[in-house]
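User: Please look over the structure shown here with me, and take the questions one at a time.

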Amino acid sequence: MIAQAQETNEVEQLKQQLRQMQENFEKVQNEQRQQINALTQKLDELSKQQQAAATTVISVPPASAMSDRLKELDEKVDGVVEAQKKTLMSEFNPAIGFVGETIFSQQSKGSPQNGTGYPGGFDVYQRSVELNASASVDPFAKAWVVANGSADASTGETSLGIEEAALQTTSLPWDLTLTAGQFFGEYGRLSYIHDHELPFVNRPLVLDEYIGGESKTPGAQLSWLLPVEHYVNLTTGFGTQFGDSPDAVGSYRSFGAVNYYGRLSTYFDLTPDWQLEGGASWLVNPDSGNVNGELAPNGITTLTSTRRLVLDGDLKLSYVPLRNNQFNSLTWGTEVLYSDNQYLANNRANNFNETVGAWGMYSYLTYKWSRSWSGGFLFEYTQNNQENAAQTYGYSPYLTWAISHWNQLRLQYTHTQPNAATGNQPNDAVYLQWVWIIGAHTHGWQAR
Amino acid sequence: MKLKLFCPTILAVFATMVAVAQSPKLRVVATLTDVADLTRNVGGDFVEVRSLATGIEDTHGVPMKPSFVSLLNRADLVVLVGFDCEHAFLPALLEASRNPRIQPGKPGYVDCSKGISPRDVPKSTDHSEGDVHSYGNPHYTLDPVLMKSAVNTICAALIAAAPEHEADFVKNRDAYLAKLDAEMAEWQATLAPFKGTKFVSYHEHWPYFAERFGLVYFGTIELKPGIDPTPHHIQELINTMKAEHVPLVVREPQFPEKVPALIAKQTGATLVKLPIMPGGVPDTDTYIAEMDYIIHTVADALKK
């Protein structure tokens with residue numbers, strides 16, 4: 001009985017979809033017909049003028065000019081028809097695009113001592129081939145999928161994975177937006193940006209260390225644009241994974257073992273050309289149990305995370321001159337993270353609880369002096385979130401050549417200076433990143 | 001302490017909500033200053049028009065400021081040029097605004113390109129042709145006759161949104177169209193002596209303008225839309241301009257002067273700076289003032 005009802009419901013939905021598509025098609029067809037009629041009428045009038053001109057002696061434009069005009073109008077009619085065809089195609093198909101990213105690198109130290117994830121010496125690394133598809137689902141929601149084929153930096157082994165596959169409402173009341181599925185949770189400034197959209201080659205060390213790179217999360221997120229004149233946005237969500245936290249915690253997961261996160265962001269127009277954006281984010285997993293940590297120093301053989309807490313503050317000051325922002329801009333971005341994780345430690349003899357407070361940050365300045373060229377400097381500092389005495393500094397000047405919107409080269413030098421507690425060695429690296437895009441590509445408002 | 005912070009915030013939210021609910025005027029957000037000016041002329045005292053652009057920006061390069069999101073969130077109508085002119089900023093802003101009234105296809109989404117036949121519709125939108133607009137060239141706003149169609153579109157949208165003011169909107173529209181017609185006669189007379197004159201510009205802003213006023217649009221300094229010129233392209237343009245005796249180089253103010261100045265110097269052409277929307281240069285705050293400036297600047301340059 002229930003199955004029958006579901007089938008009836010599905011048939012009704014399909015009928016409704018068909019009706020809607022037919023209505024859309026008819027609407028476009030009518031508009032097209034009207035435009036063709038208008039141009040045909042214009043053509044007729046011109047033809048009549050041409051005939052009349054042939055029988056009069058007053059000065060007339062040369063026949064070749066009239067013929068050119070008719071040809072031009074013909075082309076216009078063709079153009080309108082072609083444009084309408086394109087409109088129809090985009091109505092019925094998702095926007096699809098590919099992004100490719102190749103990194104050529106040279107490291108002075110071998111792996112893992114260089115602490116970069118890249119092998120020592122020279123390497124060519126196809127970091128990702130990203131397939132994006134997005135479209136409206138219905139009048140109430142849109143959806144997108146980002147599939148990513150990538151190679152392991154050290155082994156070169158390739159894998160294909162779904163980075164994002166999510167649905168987002170478009171018509172909830174009270175300025176709310178709900179996102180569900182697997183997506184990049186809104187946390188901090190650069191953790192929910194895809195690699196190829198970063199202002200430099202590699203994700204900052206502190207984001208890799210505390211978040212696990214991108215803020216990928218299978219879960220749900222609710223975002224609220226506050227109903228005030230000043231821009232304030234509040235986002236909160238949860239996910240069974242967040243960045244590199246585990247997606248499986250054994251045979252049973254309580255709500256306490258889920259990652260909860262949020263972000264409050266705001267914005268100020270300091271002057272028409274100067275903008276300031278700021279945000280505060282939090283991430284907590286009250287019972288992150290069973291995360292096997294790496295071998296740690298001080299005689300501790302294992303660290304097992306029991307609670308995860310990461311706080312984040314971010315700021316972006318931009319000079320975006322209204323007159324020529326495509327040719328000139330300045331951006332200063334800074335993000336500071338504080339990790340306060342609890343671990344169950346084992347030193348071969350005993351188990352004991354340990355809380356490790358660690359912090360890290362990055363700050364960068366990018367100056368754009370032409371449509372194609374920009375350059376900047378990235379400073380990084382991070383403490384290991386399991387052993388805060390282990391610290392690493394990073395210094396990276398970079399130069400970007402955006403040949404076009406879809407083709408970009410970036411050259412970056414990075415010197416990392418870890419202390420002895422990290423077990424790594426100072427490393428000098430040169431990266432050449434080549435990013436290309438084909439087809440449709442947008443990550444929307446977040447990647448602005 | 002917490003209460004001290006919490007109470008003013010709640011009061012501010014409540015006061016804004018009440019103020020928004022009681023606002024008697026239609027809240028219109030226009031993307032660019034030309035369609036903003038037309039909307040002000042038709043809407044008169046019954047609309048409150050805010051423009052995202054100030055006039056000095058590139059039409060495809062208006063920055064996506066979060067403050068625009070709050071503005072669009074409360075808008076009754078969004079008025080745009082259309083033909084994908086605002087593709088670089090409007091779709092993301094509309095999505096972030098969470099305002100269902102102004103989304104594409106809704107009555108509050110007022111696309112002024114409706115009913116206008118586009119020029120230069122590309123046969124292909126392959127990126128080898130640069131950042132082409134799939135619907136055709138969107139810069140019809142520099143043709144005052146086509147802008148009359150935009151005035152009618154805006155008027156119809158305002159009537160649909162506030163039918164109680166229909167008579168006023170129609171009266172305002174007719175008065176504005178009459179004014180535009182009168183100016184148009186003067187503008188055509190001013191440029192009549194220069195019919196057939198060729199000119200180049202940095203970006204493809206001027207084909208509609210050229211056609212309307214009998215000038216010949218010769219080419220662009222950009223290699224392709226959105227792609228900077230290469231030395232080879234510049235040299236080729238200089239050679240063909242010399243061969244064809246092109247006397248005018250137009251630079252839109254948002255583009256750098258260096259290359260247009262070099263081309264003008266090498267070819268002996270006159271270099272002029274022309275706005276692409278009201279406010280682009282001083283004393284061009286309205287659409288009519290902008291067009292007046294363009295017409296007389298071109299005429300003065302060609303008289304030399």
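User: What is the mean pLDDT of chain B?

Analyst: This is a predicted model, and the model as a whole scores ipTM 0.80 and pTM 0.78. Within chain B, 92% of the residues reach a pLDDT of 70 or more, and the mean pLDDT of the chain is 89.

User: What is the radius of gyration of chain B, and what does the globule rule give for 304 residues?

Analyst: Chain B is built with 10 helices and eight strands. Its C-alpha trace spans about 75 × 45 × 35 Å along the principal axes. The chain is as compact as a globular protein of that length, because the globule rule gives 19 Å for 304 residues and the radius of gyration is close to that, at 21 Å.

User: What percentage of the 304 residues in chain B is buried?

Analyst: A residue is counted as buried if 20 or more other C-beta atoms lie within 10 Å of its own C-beta atom. By that criterion, the buried share of the 304 residues in chain B is 48%.

User: Which element gives the most residues to the side of chain B that touches chain A?

Analyst: In this pairing, 37 residues of chain B are in contact with 38 residues of chain A. The elements of chain B that give two or more residues to this side are α1 (2-22), α3 (66-73) and α4 (90-97). The residues on this side of chain B divide into 17 nonpolar, 12 polar and eight charged. With five residues, the element that gives the most is α3(B).

Methods:
Residues numbered from 1 in each chain as written. Chains lettered and ligands numbered in written order. Predicted model: local features only at pLDDT ≥ 70, side-chain atom pairs only at ≥ 80, totals over all residues. Contact = placed C-beta atoms within 7 Å. Helix = DSSP H or I, 4+ residues; strand = E, 2+ residues; numbered from the N terminus. Nonpolar A, V, L, I, M, F, W, Y, C, P; charged D, E, K, R; others polar. pLDDT = per-residue confidence, 0-100. Rg over C-alpha atoms; globule rule 2.2 N^0.38 Å. Buried ≥ 20, exposed ≤ 12 C-beta atoms within 10 Å, placed from the backbone.
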